[in-house]
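Let's take a walk through a protein model together. Keep the sequence and the 3D view open as you read.

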Amino acid sequence: MTQHRVLVVDDEEAARYSIGKALEAAGYAVEVASTAGEALKIQESFNPDVILTDISMPEMNGIQFIQQLRARPLPPPVIVVTASHTYDIAVQSLRQGAADYLTKPFDLEQLRNSVRRAIERRQLKLENLEYQRELEEKNRRLQEAEEMLRKHALELEERVQLGTQALLETELRYRELFNLANDAIFTVDAATGQILEANLQAEKLTGYSGEELSNMKVQDLYSKQELERVAKFESELAKAGCGCGVTGDIPFRTRDGQRIVLNVSCSMIEMNARQVINLMGRDVTAIREVEAELARYTQELEQKFEEKKKQLLQSQSQLVQAEKMAALGSLVAGVAHEINNPLGSINANNDILALAFRKVQDFVRLHPPGDGTDAEQELDEIRSIGKEALQTNRMACDRILKIVRSLRNFARLDEAERKKADIHEGIESTITLVAHEIKGRIRVTKEFGNVREIECYPNQLNQVFMNMLVNASQAIEGEGEIRIRTWEQDNTVRVAISDTGKGIPAELYSKIFDPGFTTKKAGLGTGLGLSICLRIVQDHGGRIEIESQVGRGTTFTIILPVEGAPERKTND
Ligand SMILES: Nc1ncnc2c1ncn2[C@@H]1O[C@H](COP(=O)(O)OP(=O)(O)OP(=O)(O)O)[C@@H](O)[C@H]1O
Ligand SMILES: [Mg+2]
């Protein structure tokens, strides 16, 4: 419990003492002062809860003391204690703010009660003050809050105003866009299809007025013959659900019965608890017609292209056939020429032998044995003629045999399958067959290396050698040389056919392999030779290299893998 403090002010020591003691006995902390001046000083440091003061004191009496005290903040209550028992003093002191009034002599009970009441009142007053302060604080805060609320309300009002303005502007802009849009825009009730809104372009495209449209359902606008397409689109839209867009072409029917196709973008939204479809459509009737026309045209072109391709393939195979015939023709001509010479010899010898035989017959008839003529010399002559003729005939037959063998070797008709073969055999027989082309005019030099047999279709490779040798001989005007070298390198067998012909300009290197490219006179070349050579060599997994100098000559090098091509399609 807090001990309350009491300040006793009396110039009379006995009084100070007795009052002090009485209050100490009652549990108060007591300080005493003999003058009002001293009491004012003590009051600052002691801070009494109550002051008991005498009235008549030297220098400053009790009334003045009370006045001075009241000038200070929160002055403690003052109980006036005096011997001068007058009503006036009591009234005056109470007027000045004294809390109570005691007259001496007083009984102690009266003193203690008065002090207690004064303290209680003071406390009440202090509490009251505290409450008041709190109240004021709360009031202040309330006012602040009110001020804030007011400001907030103002701000809100301002914002609402701005928002309303923006909304109005947006609405205005939306209206403008809605009506200016190049696309037809409809707002439709999803449940019934009722058109809720339609823009100017929608009126223009459908031919209906805004009022007419507002009394229509969107399904009234669809082309009745193509409702299946519309139904598919609608089910897609329903599947997509709210907030998702669906796009597609929908056929519409205008007021005057015309069919138009709109490329439509649709989306469903929820507005005021009902589902609404926003439908935006662009007229693509003309575009779709052009597209369809284009597709038809493309198909037609494709068809024509296929036909042309077929025709080309046909004519290509005809050309290849023609080339083969031409090659065969020149081969046959060459062979005929080659066989013609030895046959001429045999023929001539036949006459000689017939003559010799006739001579023997005549001789025997004219000179029977034992007629005495010198038959020996005559018979020797005839025998020598016969011997010479037989020798020539044997050579001629050898030549024919060689040609026939070469022909068989070249054609290799019995070896149309892939097999291991010595390319030298093929080259040799090919040279024999082109002999008539080059004989006397072109010297053929062979430098055959030690090469392995290769996996190949020999008859096809012979065609390559034949083409190349004929090209080389045709490139040489007058006299010249063809050199054929073979060697093995990097697991490939190489055949280089060089000529001292007119050469090929570099810009033609890639062209000469094109089917049909020829620099030869009409009827002389088909231009297929090298393209066939290239195809055959590539089918064998190989390649052809060219080296040429205009005016000096050309070398074609055929490079063939020893193992042949990994897999191969047969040549026609
Ligand atoms: N050794 C070569 N020297 C110079 N030019 C050549 C030689 N080989 C080919 N050419 C050129 O390449 C062209 C095409 O040759 P290719 O063998 O494909 O056809 P072609 O010889 O003209 O006709 P074909 O082979 O049907 O008789 C020839 O016309 C010629 O101009
Ligand atoms: Mg040729």
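This is a predicted model: local features need pLDDT of at least 70, side-chain atom pairs count only at pLDDT 80 or more; totals for chains, interfaces and linings use all residues.

Residues are numbered from 1 along each chain as its sequence is written, chains are lettered from A and ligands numbered from 1 in the order in which they are written, and side-chain values use heavy atoms, leaving out hydrogens and water.

Start with strand β8 (residues 245-253) and strand β9 (residues 259-271), which run antiparallel and are joined by nine bridges. (Strands are DSSP runs of E with at least two residues, helices are runs of H or I with at least four, and both are numbered from the N terminus; two strands pair if DSSP finds at least two bridges between them.) Across this pairing, Gly 248 stands opposite Val 264 in β9. Five residues separate β8 and β9 in their hairpin, and Gly 257 in the turn has a positive phi of about 85°.

Follow β9 onward, and you meet strand β10 (residues 274-283), its antiparallel partner over 10 bridges. Here Ser 267 has Asn 278 in β10 as its bridge partner. The hairpin of β9 and β10 has two residues between the strands, and Asn 272 takes a positive phi near 50°.

Now turn to ligand 1. What lies 2.5 Å from an oxygen atom of ligand 1? That is a polar side-chain atom of Thr 518. A polar backbone atom of Gly 527 is 3.0 Å from an oxygen atom of ligand 1. In the shell around ligand 1, the largest share, three residues, comes from α13.

Definitions and conventions. A polar contact is a pair of N or O atoms within 3.5 Å; within protein, one must be able to donate a hydrogen and the other to accept it, and residues adjacent in sequence count only if both atoms are side-chain atoms.
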